[in-house]
Amino acid sequence: MDLELFERDRHVTFLQMMYQLLPSPYQSQEINRLTLAYFVISGLDLLNSLDRLVDKDEVATWVLSLQAHPRSTAELNNGQFYGFHGSRAAQFPPENNDNGALNPSVSNLASTYCALALLKIVGYNLSSIDSESILTSMRNLQQPDGSFMPIHTGAETDLRFVYCAAAICHMLGNWSGMDKEKAKEYILKCQSYDGGFGLIPGSESHGGATYCGVTSLRLMGFIEDEILSKNAPSSIIDVPLLLD
């Protein structure tokens, strides 16, 4: 067997298994079930096996069941984020916890990004969802420096969640959920001396952070598709240094 060949059928079989039942080693990742589903469904889509193996309506129904909804419009400004929960377990009522641990029973930016991407992959019309709750409450997560927290109870802030916020606004076709100028300034501060981007200003650059930073700028309309073209106008980022 030529080991250089991409064994497509084996990948499809593995993803099909993951679609039907998560293996026991993944039990500790139950809280991230929506993210795992995103990798499985998008993988099958890239392998042109989605229509044959996946019930798209069933997937959409499951994803929609994970959205957090405020009891009234007044709650949209109570500081909480009304996006998507990462799993069914994350929808359980929170327990009183005095040990300072983060409460998993909240919706978060990463799960919301995965939920909307999943819905797009299976062909669901995103204009049908409650986007106002998502976008209005998402503004509560943006920090004064332009970065984003993933959850309203506090957590790390870095380019991963700026990207999630930008992608959410882009997929919903509505940028009211974030201050793009503040986000842009934060991203630009993350470009390192070597040309790449770090997750936070002053940190070591790497590929994932660079993807999040550059893609966010593109989604927000601050850089063009032709950024690498010789005829492209000067960019707000140092492109030659980035390429080096």
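Predicted model: local features only at pLDDT ≥ 70, side-chain atom pairs only at ≥ 80, totals over all residues.
Local features are given at pLDDT of at least 70 and side-chain atom pairs only at pLDDT 80 or more, while totals for chains, interfaces and linings use all residues. Residues are numbered from 1 along each chain as its sequence is written, and side-chain values use heavy atoms, with hydrogens and water left out.

**Aromatic rings**

Select Tyr113 and Tyr163. Their rings form an edge-to-face pair, 5.4 Å centre to centre with 65° between the planes. Rings of Phe, Tyr and Trp (its six-membered ring) count as a pair if their centres lie within 6.5 Å; planes under 30 degrees apart are stacked, over 60 edge-to-face, and the rest tilted. Tyr113 belongs to helix H5 (residues 109–121) and Tyr163 to helix H7 (residues 159–172), so the pair ties together parts 50 residues apart in sequence. Helices (H or I, at least four residues) are DSSP runs, numbered from the N terminus. Tyr113 is buried at 14% relative accessibility, and Tyr163 is buried at 10%. Buried means under 20% relative accessible area, exposed over 50%, and partly exposed in between (1.4 Å probe, protein chains only).

The structure holds four aromatic pairs.

**Lysines over rings**

Go to Trp175. The charged end of Lys180 sits over its ring, 5.0 Å from the centre. Next, at Phe222, Lys184 lies over the ring face at 5.0 Å from the ring centre. The criterion is NZ of Lys or CZ of Arg within 6 Å of the ring centre and within 35 degrees of the ring normal.

**Helix H6**

Select residues 131–138, helix H6, where six of the eight residues are buried. These are Ser133, Ile134, Leu135, Thr136, Ser137 and Met138. Their cover includes H5 and H7.

**Salt bridges**

The whole structure has nine salt bridges, each a side-chain nitrogen of Lys or Arg within 4 Å of a carboxyl oxygen of Asp or Glu. Show Arg160 and Asp158, which meet in one at 2.8 Å, N to O. Arg160 is partly exposed at 34%, whereas Asp158 is buried at 5%. Shared partners join Glu156, Asp158 and Arg160 into one network.

Move to Asp51 and Lys56, whose salt bridge spans 2.5 Å, N to O. Asp51 is exposed at 64%, and Lys56 is partly exposed at 27%.

Finish at Arg33 and Glu30, with their closest N and O atoms 3.1 Å apart in a salt bridge. Arg33 is partly exposed at 32%, and Glu30 is partly exposed at 24%.

Terms used
Helix = DSSP H or I, 4+ residues; strand = E, 2+ residues; numbered from the N terminus. Contact = heavy atoms within 4.5 Å.
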